[in-house]
Amino acid sequence: MEVITLQSGSSGNCVFVRSGETCLLFDAGISGVKAQSRLAEYGYDIRDCCGLVLSHEHSDHICGVGAFHRKFGVPVYATMRTWNATRVKPATGHINGAKHFVAGEAFQIGSLRVETLRTPHDAIDGVCFVIEDTDSRQRFGLLTDLGHVFNGLRDIISTLDAVLIESNYDEVMLREGPYPQHLKNRISGKGGHISNEDAAELLDSCDPQRLQWACLGHLSAHNNCPEVAMATHRQRHTNRFPLFCADRDGSTQLPRIESKAFAFHAASIDSRLPVETPCNVAMSRSI
Ligand SMILES: [Zn+2]
Ligand SMILES: [Zn+2]
């Protein structure tokens with residue numbers, strides 16, 4: 001499975017996930033032109049994406065949805081309530097319908113199964129995602145706009161092969177930063193975002209046996225910076241798994257997620273093999 005963040009941060013979010021012939025986009029928080037040109041740098045045509053899945057209606061996730069759909073013909077997937085909140089925004093323009101899923105349920109597009117998890121973020125019907133390749137069983141978590149570290153998140157991360165996790169703000173930078181108090185309260189409140197410290201503690205508390213990498217995402221432009229976020233995480237979970245930080249203004253190509261059979265092989269070499277790891281998974285699929 002391949003993951004490229006076309007942008008990840010408070011000013012715009014869009015993530016490309018591919019497995020075999022199935023290419024999906026998650027959120028459209030950048031312009032259609034940017035998404036098209038950034039994907040083209042990796043040899044992909046945005047018109048080949050068979051779905052644009054929306055997490056929630058905040059503008060840093062939906063401002064490009066009209067262009068993605070009208071200009072490039074990408075079908076839109078959203079919950080009914082998120083879609084109703086999205087389609088009335090002037091930036092969306094006219095769209096001939098969207099396909100609907102139910103928050104908390106899973107659906108299939110091509111070879112990818114999209115599990116949706118309700119979040120306590122302050123959106124109308126927000127979700128985050130686990131994307132699973134139904135052939136190889138590789139699982140990627142796209143966990144941003146979380147509100148707070150809600151029940152079950154830890155257990156879900158322990159089932160993942162790779163994760164992009166929100167690490168939105170540094171607590172000191174937010175507290176001492178330029179935002180008005182009501183906005184500081186919103187960001188750090190139960191319906192806002194999770195901090196570097198929250199995310200680092202969360203990753204540290206998870207079972208990392210299966211995790212091939214973690215990527216920090218949705219960093220605030222004003223209350224965080226990659227160096228501070230990475231330092232906070234490294235203090236917490238040094239060398240437990242490779243750690244990356246998604247670009248707030250451009251794209252980031254992440255390491256290809258390998259099959260569990262490969263992970264099994266690697267684990268067996270350095271004696272970190274979990275007892276329940278299946279050892280008979282075919283290694284034929286490289287993506
Ligand atoms: Zn949001
Ligand atoms: Zn957001």
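Predicted model: local features only at pLDDT ≥ 70, side-chain atom pairs only at ≥ 80, totals over all residues.
Biologist: A residue counts as buried if 20 or more other C-beta atoms lie within 10 Å of its own, exposed if 12 or fewer, and partly exposed in between, with C-beta atoms placed from the backbone. How many residues of strand β12 are buried?

Modeller: 4 of its 5 residues, 213-217, are buried, so β12 is largely enclosed by the rest of the structure. Strands here are DSSP runs of E, at least two residues, and helices are runs of H or I, at least four, numbered from the N terminus.

Biologist: OK, which strands does β12 pair with?

Modeller: With β11 (residues 162-166) in the parallel sense, over 5 bridges, and with β13 (residues 243-245), also parallel, over 3 bridges. To pair, two strands need at least two bridges found by DSSP.

Biologist: And what are the bridge partners of L216?

Modeller: I165 is bridged to L216, and in β13 the partner of L216 is C245.

Biologist: What sits between β12 and β13 in the β-α-β unit?

Modeller: Helix α9, residues 226-236, and the unit is right-handed. That means that, with the strands pointing away from the viewer, the path from the first strand over the helix to the second runs clockwise.

Biologist: Say I click on M230 in α9. Buried, exposed or partly exposed?

Modeller: M230 is partly exposed, because it has 17 other C-beta atoms within 10 Å. Leaving aside neighbours within four places in sequence, M230 is in contact (C-beta atoms, placed from the backbone, within 7 Å) with L243 and C245. From M230 to L216 is 14 residues in sequence and 8.0 Å in space, C-alpha to C-alpha.

Biologist: New topic: which residues in the largest nonpolar core touch the most other members?

Modeller: V15, V17, L25, L52, F140, L142 and V163, out of 66 residues. Strand β9 (residues 127-133) gives the most to this core, with 5 residues. A nonpolar core is a set of buried Ala, Val, Leu, Ile, Met, Phe, Trp, Tyr and Cys residues joined through C-beta atoms within 7 Å.

Biologist: What does V15 contact?

Modeller: Beyond four places in sequence, its contacts include V3, L6, F26, L142 and L164.

Technical notes
Residues numbered from 1 in each chain as written. Chains lettered and ligands numbered in written order. Contact = placed C-beta atoms within 7 Å.
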